[in-house]
Amino acid sequence: MTIHKKIYSAAVFCAVLGISSLKAQVVVEIDHKTQRFIGNETEFKRDKYLNIHGYIKANDPELIKFRNDFNLNPTYRGARLLDSPIKKPKNGVFPIIKKKYSGVREVENRITSTAPKDFFYDKKVDYSQVDMTTYMDELTSFVADYYRYQEPNVPKYIEPLNEPMVHAVDFYPEGKQKKRKYISSKVDAINTRVMELHRELGKKIHATPELVNMKIMGYGGAFPEFEAKNFGVWNKRYKKFIDIAGTEVDVFSVHLYDGSGINNKTGRRSGSNVEAILDIIENYSFIKLHKVKPIAISEYGRLVPNQPGFGKKKGVVNYNPITNSQALLSQNNMVMSFIERGDGIEFTIPFTMNKQPATSMYSKSSLWYKGLDKSSDWEYTPRVNFFKLWKDVAGDRVCINSSEIDMQSQAFVNGKQLHVVLNNIKDGPQTVKLNFVEGQKIKNVEIKRLSVYKDKEAVFEDTKQKEAPESVKLNQGETVIITYNFKSAVDFNKKAVSKKYYSDSYLQPILANKSAVFKIKDVSVGQGKAILRLGVSRNHSKTLLPKIVINGKSITIKGDVIRGYDQKNRKQFFGVLEIPIEMKVLKEGTNTIDVQFSDKGGFVTTAILQVQKIETK
């Protein structure tokens, strides 16, 4: 059998469908013979996306089974551990380094970090006042020497402190008291110490030839509500961090969660808010450092609640399979965004923990669970479904396009297999019609489906059939991976290369009927498509859709351009408008983008052109 074949002109390869008659049904167009690159990356990198937050002994039987079950690297032991040598000094006294190793050190593909209290170790000190220059110099030298000489398993990444800036209030006297007093000047001073630590450690790591394979990452920002206080949080934290430490930091890192901790319990970063957070980091990196450094999401997913009574008395089990399931939806929503960013993402870790005792805090987020009965065995929790779903995805990225922004889509070709990934980020069901640009004879099709619910445990289904489906329905909270097994290997006949171009300004205030102007230089155009990624932060009473003029030509915004939900349960909207534009509007070299709103208030945070050009192989 040959899958449905439909001929299109070259001009619409990898083009976004915008036909009004298709609004009732989502159309996903698959061009599996056009290999797609995002930056320099085409391959699906399992090590980048399929991780757990933790670290396990090499001979652990459950770990060995986990690796074998889900096609993980044979040496994989987990992706993040709070085992940094920053915690080894006691009261400021450094232990003697044992010189066990020499030469260039090999590294494990994991992150090391530690708690901020291990750096701000003296409970009697007001760290907003003391000079830490000497201690910081001694500490960073110790860390470099420890990895150079003593550590048997050197991590590839060191993220010096875990979520340091949200804990700054803990390190001066007034903040430690029961009635915690938030003193902005003191918090700012302590956060500056954090930034300086990253800078100085980066210098030491980079100056140590034996650690050439090691990278410094930071600052692991928690709950990055950059838009708060008219972007005062951004200016005082991440912007300032890039200003102080950006040159020496190899990878910027952030933690992204749906759920509590982001204005209210039901708030979501999934969708446009994730895009806006990552875009502003990238754009400012471009402006300040003249290069866009990659980003790691060293924690992401959903912050699930504790079980009733947990923390009030001992012995309460904090695991519930329904609660544990909830994060799967957020993990798939977010990982689809990360995959779409290609080589702009360095590493990602869903906050799925390893083995946790039943009465521990993070048994609620664990991959394995064992009850209070000591004779019981470790068993997989519903979190294993993330790995079941993605188990077989491999190969090179190919073109796939959805007519609906809330139907996330990715596709990868691996020899005779095509993996099509569809994720419904919409609050409601969607039916997807599957169109192939070019036909291919198939043997059979495998369909994996993960459904996440609010009031029951997640359900994973894996079915096979002879016929390729013409359409597929995805309910709210569903992800589907369709694997087409072809009779012959796929030969690529075209190449699509996607590149982002960043403006030389950002974070412009919105004034009524006044233009916010962005200039984007060195743009290369050709046959293909383009998207204007416009970051916008506004109160919910304000309009979100501006008038846009590019190079003197007005742009008509058609359809939904906001990925995911409308953010109405957050204090204000902060997201990216993903606006398709015709390539003919752009020109080689410098492009001028004029953005104008009818009412004042808020900011246009970023203006980024994403240009995808088609080349014949």
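Visitor: Before that, what should I know about the model and the numbering?

Guide: This is a predicted model, where local features need pLDDT of at least 70, side-chain atom pairs count only at pLDDT 80 or more, and totals for chains, interfaces and linings use all residues. Residues are numbered from 1 along each chain as its sequence is written, and side-chain values use heavy atoms, with hydrogens and water left out.

Visitor: OK. In what order do the 7 strands of the open sheet run?

Guide: The order is β2-β3-β4-β5-β6-β7-β8, and the pairing is parallel. Strands here are DSSP runs of E with at least two residues, helices are runs of H or I with at least four, and both are numbered from the N terminus. Two strands pair if DSSP finds at least two bridges between them.

Visitor: And which are the edge strands?

Guide: β2 (80-81) and β8 (345-350), each of which pairs on one side only. Helix α6 (residues 228-245) packs on this sheet and touches β5 (215-221) and β6 (251-259). The direction of α6 makes about 165° with that of β5. Contact means heavy atoms within 4.5 Å. Axes are lines fitted to C-alpha atoms, for helices over the stretch in contact, and angles run from 0 to 180 degrees between N-to-C directions.

Visitor: How many bridges pair β3 with β4?

Guide: 3 bridges, in the parallel sense, between β3 (residues 108-112) and β4 (residues 155-158). Thr 112 stands opposite Ile 158 in β4.

Visitor: What joins Gly 218 and Tyr 219?

Guide: A cis peptide bond, with omega about 5°. Tyr 219 lies in strand β5.

Visitor: Next, the open sheet of 3 strands. What is its order?

Guide: β9-β10-β11, with mixed pairing. The edge strands are β9 (353-355) and β11 (379-380). β9 runs parallel to β10 (residues 366-369), and 2 bridges join them. Lys 355 stands opposite Trp 368 in β10.

Visitor: Which helix lies across β9, β10 and β11?

Guide: α2 (residues 61-69), running at about 125° to β10. The buried residues of α2 are Leu 63, Phe 66 and Arg 67. They cover an arc of only 95° around the axis, so they sit on the same side of α2. That arc is taken from the directions from the helix axis to the C-beta atoms.

Visitor: What covers them, and what is on the other side?

Guide: The cover includes β10, β11 and α10 (384-390). On the other side, Pro 61 and Asn 68 are exposed.

Visitor: What caps the N-terminal end of α2?

Guide: Asp 60, with a side-chain oxygen 3.0 Å from the backbone nitrogen of Glu 62. After α2 comes Asn 71, whose phi is positive, near 55°.

Visitor: Different spot. Is Gln 508 buried or exposed?

Guide: Gln 508 counts as buried, at 18% relative accessibility. Gln 508 lies in strand β21 (residues 508-509), and its side chain makes a polar contact of 3.2 Å with the side chain of Ser 505. A polar contact is a pair of N or O atoms within 3.5 Å; within protein, one must be able to donate a hydrogen and the other to accept it, and residues adjacent in sequence count only if both atoms are side-chain atoms. The backbone oxygen of Val 517 is 2.8 Å from a polar atom of the Gln 508 side chain.

Visitor: Last one, the rings. How many aromatic pairs are there?

Guide: The count comes to 40 aromatic pairs. The rings of Tyr 146 and Tyr 147 have centres 5.7 Å apart and planes at 70°, so this pair is edge-to-face. Rings of Phe, Tyr and Trp (its six-membered ring) pair if their centres lie within 6.5 Å; planes under 30 degrees apart count as stacked, over 60 as edge-to-face and the rest as tilted. Tyr 146 and Tyr 147 are both buried.

Note on methods. Buried means under 20% relative accessible area, exposed over 50%, partly exposed in between (1.4 Å probe, protein chains only).
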